[in-house]
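We will go from stop to stop, with one selection at a time.

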Amino acid sequence: MAQLSDDCFAFGGPLMTLEAAQDLLAERLTAVTGTESVALIDSLGRVLAGDVVSPVSVPPHDNSAVDGYAVRFEDLSREGDTVLPIVGRIAAGDGAGRPDPCGTAVRIFTGAPMPPGFDTVMMQEDCREQSGPGVLGSVLIQPGIKRGANLRKAGEDVMAGSVILPAGRRLRPQDVGLLAAVGSTAVTVRTPLRVAIISTGNELVEPGSPLAPGAIYDANRFTLSALIRQMGGRVTDFGILRDNPVELKQVLETAAKSHDLIVTTGGVSTGEEDHVKGAVEASGGLHFWRLAIKPGRPVALGQVRSVPFVGLPGNPVAAMITFFCLARPLIQLLGGETVTGPTLFRVRSDFDYKKKEGRREFVRVCLRRDPGGTLVATKFPRDGAGILSSMVGSDGLVVLSEEITRLESGSMVEYMPFTEVL
């Protein structure tokens with residue numbers, strides 16, 4: 001379990017900036033997950049527990065990049081054609097054999113090891129095989145080729161003893177392929193982060209249940225579960241809790257006994273029916289972050305006993321955006337993954353916008369290309385924090401920094417596609 005000091009998320013004064021909040025996470029949180037060995041075929045999406053050092057070079061020997069003829073560069077004429085007897089044939093998977101005499105050529109195929117002493121390969125399209133001296137006839141080679149042409153050197157991809165993948169990397173398909181290329185059959189990874197998720201609110205009901213007057217279906221729990229599972233977390237769903245401080249405290253303490261992180265939505269503002277703050281404070285400590293962002297200002301961070309706790313807003317758009325900004329890097333840190341912020345891209349806006357200074361805002365947009373090929377961001381027509389369909393209909397978010405107060409159509413803006421955080 002994570003050990004957090006009681007003042008881990010303490011703050012005072014004005015709203016905390018997003019950077020300050022993220023820096024504090026990085027400063028105070030470390031990995032809490034264990035390690036295990038998994039078969040390479042099952043390693044996709046897992047987080048490496050340590051650096052992977054290659055035991056072999058890739059390729060393990062010099063080899064040909066093309067079908068053609070292996071030669072010694074010094075045997076070739078610089079001014080005219082060269083005719084060399086063909087004394088051998090090497091295909092991929094064959095051994096390189098013994099050194100052949102100077103002034104000879106060897107028929108060679110893509111991936112085949114270079115014969116000892118040979119340093120250049122002439123593509124078969126640029127040669128003309130003919131009868132003549134030699135076991136397999138001879139080949140005519142025109143001048144102009146460079147030394148080392150079409151040769152793949154041993155270790156040009158990976159050198160034996162080098163770190164090929166660092167600790168904290170979440171394995172992608174190409175990473176799995178590289179591990180296979182150096183002969184790995186298993187890899188040591190972090191165990192999945194155990195995350196408890198809870199929705200709070202008297203108005204919430206399970207999808208599929210009848211909707212009474214004033215009730216709504218709970219979407220946040222399903223959204224958060226999908227986001228956490230996509231990050232490799234192991235989710236326990238504690239369902240919907242009513243706005244009852246006693247019940248909240250009991251369930252939070254139960255969740256803390258067997259989980260590495262607790263995530264809730266709703267009940268973290270300052271209303272009379274927002275009881276999460278009191279329930280968490282009664283079981284550990286809650287240091288409320290009022291983040292200078294929109295949507296998503298009310299975010300609660302703290303601990304239940306020694307287990308980190310994140311309370312996200314109840315509005316679904318605000319819950320997703322605060323997840324991207326804070327819960328995502330927090331989960332990466334606790335799970336031993338290297339924190340990777342989303343890459344932002346410069347695009348042109350086609351909308352005007354006003355905002356408060358000192359607050360970062362995330363505007364839902366769709367992306368298109370204008371006739372000149374420039375990427376243009378169009379604001380989604382509905383922007384309420386409760387409009388979940390806007391997250392489905394948009395391509396990403398325009399991120400407006402704290403110092404911006406007015407955006408004019410045609411301005412260049414920072415754009416974060418959802419593919420960067422999903």
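A residue counts as exposed when its relative accessible area is over 50%, and as buried when that area is under 20%. Keep in mind that this is a predicted model.

**Stop one: a loop.** Select P213. This residue sits in the loop between β14 (204-205) and β15 (216-217). Is P213 buried or exposed? Its relative accessible area is 85%, so P213 is exposed. P213 and T30 are 183 residues apart along the chain, and 45 Å separates their C-alpha atoms.

**Stop two: a helix.** Select residues 18-28, which form helix α1. Next, colour D23 and E27. These two are exposed, on the other side of α1.

**Stop three: a strand.** Select residues 138-141, strand β9. S138 and L140 are on one side, V139 and I141 on the other. Both faces are covered, and all four of these residues are buried. In a regular strand, side chains alternate between the two faces of the sheet.

**Stop four: the partners of β9.** Show strand β5, residues 82-90. It runs antiparallel to β9, and four bridges join the two. Here V83 stands opposite L140. Then show strand β8, residues 127-130. Four bridges join β8 to β9, again antiparallel. Finish on Q130, which stands opposite S138.

Conventions:
Residues are numbered from 1 along each chain as its sequence is written. This is a predicted model: local features need pLDDT of at least 70, side-chain atom pairs count only at pLDDT 80 or more; totals for chains, interfaces and linings use all residues. Side-chain values use heavy atoms; hydrogens and water are left out. Buried means under 20% relative accessible area, exposed over 50%, partly exposed in between (1.4 Å probe, protein chains only). Two strands pair if DSSP finds at least two bridges between them.
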